[in-house]
Amino acid sequence: MTTLPESPASPDQPHGGASLSASAAVLVPDAVAALGRSSAGYDALSDEQVLAGQVLIADSRRALETCAAWMAATLARRSRPELGGKGLAARKDYRSPEDLLQTISGSSKGDAAKLFAVGRLVAEADAAEKATREAAEAQKLIDETPPLDGAVPDLPPVEQPVPPAAVPPWHAPIGRALAEGWLSVEKADALRKGLGDLDKAITAEKLASALARLLAEARTLNADQLFKRARRVRDVLDEAGIAAREKAAYDDRSLRFYRLHTGQVRMVGLFAPEDGEYLMQTYDAITSPRRGGVRFVDKEQAAWAKWVQDDPRTTEQLTADAFLALTKLGVKADPKRIAGGRRPAVRMVTIRPRSTPISIAPTGTAPTGTVTAEASTDAEAESATEALTLEPGVIEGTAITVTTETLERNLCDTGLLAITFDDHGSGVDLGREQRTFSPAQRAALAIRDGGCMWPGCDRPPSWTETHHIQHWKDDTGETNLDGGILLCRADHLRLHNEHWRITRDDRGRYWLTPPPGLDPEQTPILLTSKNPILRDTD
């Protein structure tokens, strides 16, 4: 380890009565210190060194965060309530171990809670494994102890006590992955929160099986993606609990206003997923030209987007002013005056077995739809819609599951639109007569692709543009679903400017081929749907 120069002491005073060390030397691994001691030193690194250094720092952070979780668990045990004033945190004049940890680390309350939660999870698994080892060792000692010579035959043999073996908790593999160094505390917390706790319907065996599958995917997902995946898996396992979780999220809603000493007013809110998604869509509609949103073809919308980009206000100021304007205008607000020509909408999707519909229920004025897994005539689709029995679904672009009642409530307002897929995800074709994709096709593509299909991109459908795999004008490409794919603006420009190529095979899969300048072998990359609901077939 290398000691770097001490950083200036923080002016913030500890919340407890006892003071801690005012400052401490920063210790980093020698390999990390070798990268440089200043910003200028890092700027001098080559691209290869920057990438390798980032991997090295990430590995070091994971190791340190795992140690921090173990330490948080130790701190919690030594500050447990039954110790009273003799607990470690109490002896240092802190109300809780969380307050003590925040003062030492300078972290947020959420980060401290995350360390304690993961630390407790690992400690439970370690305690169970320790008990199992002690039981096995005690049993082995008894088995290897020979009987005493000359034992009195009238007395029963003396049985040595064997400590009971503990069954490792279902989440024990998370602790092992942390100890191995490849799973971060953030990912461990995402798995813990996403999969939830045991209840009458969800047994330890079911959660252990689900965890094994998720750990196999965890290396290629970031913490946010892993949480969405874990939450979706939990909802698939525990369909009966969807309504309770939806109600709990709705009951937690709040909106609070604070008047500061300067006279300014601060607003802090928490909304249920459905309502929150509507607000997010409104935010995206107002600010997307500033944040890399889609390009507008319509002249009026394009002019509005340019006006937003050229506006001297910051994005935060623009959002605040727009929110106030919406509040003043209320239900009579003209969406073109506030958010260009785009109205916010929340689309909901539910996957059904083959030959039965998938329903889409958006809030607002955007079209809704029904999607079938096999090709059918319009009459068949209409008949299927009439006989529709809804199942739980998700809010499009998220892993938030909603109940059938929520779907039905939205359908009362907006109805259904039939969208038909074949076995390979094609359908709703427009041929050569129309260059742009229709709203129904956009809805179908949003369900099929789940957002930008570029590897590693997490842009939702509302932030994407439809790319013609075969150019409509130059390559006589048709405006059909099998010839379209969703890409965000940045990746759409990258594809054209750098000359990447997307192709579709006879199994309906899409492949991204890099240009020879980036990959001389031009190895195709499989593109997969970002829609979490389409990945759950178990």
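## A loop residue and its surroundings

Asp93 is partly exposed, with a relative accessible area of 48%. Here, buried stands for under 20% relative accessible area, exposed for over 50%, and partly exposed for what lies in between, using a 1.4 Å probe and protein chains only. Before we go on, please keep in mind that this is a predicted model, in which local features need pLDDT of at least 70, side-chain atom pairs count only at pLDDT 80 or more, and totals for chains, interfaces and linings use all residues. Residues are numbered from 1 along each chain as its sequence is written, and side-chain values use heavy atoms, with hydrogens and water left out.

Back to Asp93: this residue sits in the loop between helix H4 (88-91) and helix H5 (97-105). Helices (H or I, at least four residues) and strands (E, at least two) are DSSP runs, numbered from the N terminus. Although not a glycine, Asp93 has a positive phi of about 65°. Most residues other than glycine have a negative phi. Gln522 also has a positive phi, of about 50°, without being a glycine. You will find Gln522 in the loop between strand E14 (510-513) and strand E15 (525-527), where it is partly exposed at 32% relative accessible area.

Now for the overall picture. The protein chain has 19 helices and 15 strands, and of its 538 residues, 38% are buried. The chain exposes about 31500 Å², with carbon and sulfur atoms supplying 55% of that area; accessible areas come from the Shrake-Rupley method with a 1.4 Å probe, and for residues only the protein chains shown count as cover. A contact is a pair of residues with heavy atoms within 4.5 Å. Among contacts between residues at least 6 apart in sequence, 62% join residues at least 24 apart.

The buried residues of H9 are Leu207, Ala210, Leu211, Leu214, Leu215, Glu217 and Ala218. They cover an arc of only 150° around the axis, so they lie on the same side of H9; the arc is taken from the directions from the helix axis to the C-beta atoms. Glu205 and Ala216, on the other side of H9, are exposed. The cover over the buried residues of H9 includes helix H7 (172-180), helix H8 (185-195) and helix H10 (223-237).

With 1% relative accessibility, Leu214 counts as buried. Setting aside residues up to four places away in sequence, Leu214 touches Leu191, Leu195, Leu226, Arg229, Ala230 and Val233. Leu214 and Ala230 are 16 residues apart in sequence, while their C-alpha atoms are 7.1 Å apart in space.

Next come the charged pairs. The structure holds 18 salt bridges, each being a side-chain nitrogen of Lys or Arg within 4 Å of a carboxyl oxygen of Asp or Glu. Side chains of opposite charge can pair when their charged atoms come close.

| Salt bridge | N to O distance |
|---|---|
| Asp189 and Lys193 | 3.2 Å |
| Arg245 and Asp235 | 2.7 Å |
| Asp505 and Arg509 | 2.9 Å |

Asp189 and Lys193 both belong to helix H8, 4 residues apart, about one turn of the helix. Asp189 is buried at 3% relative accessible area, whereas Lys193 is partly exposed at 43%.

The side chains of Arg245 and Asp235 also meet in a salt bridge. Arg245 lies in helix H11 (residues 242-251) and Asp235 in helix H10, so this pair ties together parts that are 10 residues apart in sequence. Asp235 is buried, at 5% relative accessible area, and Arg245 is partly exposed, at 25%. Both residues belong to a network of salt bridges that links Arg234, Asp235, Asp238 and Arg245.

Finally, the surface has a nonpolar patch made of Leu255, Phe257, Val265, Met267, Phe271, Leu279 and Phe323, with about 660 Å² of accessible area together. Patches take residues with over 30% relative accessible area and no salt bridge, joining like charges within 9 Å and nonpolar side chains (Val, Leu, Ile, Met, Phe, Trp, Tyr) within 5 Å. Strand E3 (254-259) and strand E4 (265-270) each supply at least two residues of this patch. Phe323 lies in helix H14 (residues 315-329) and is partly exposed at 42% relative accessibility.
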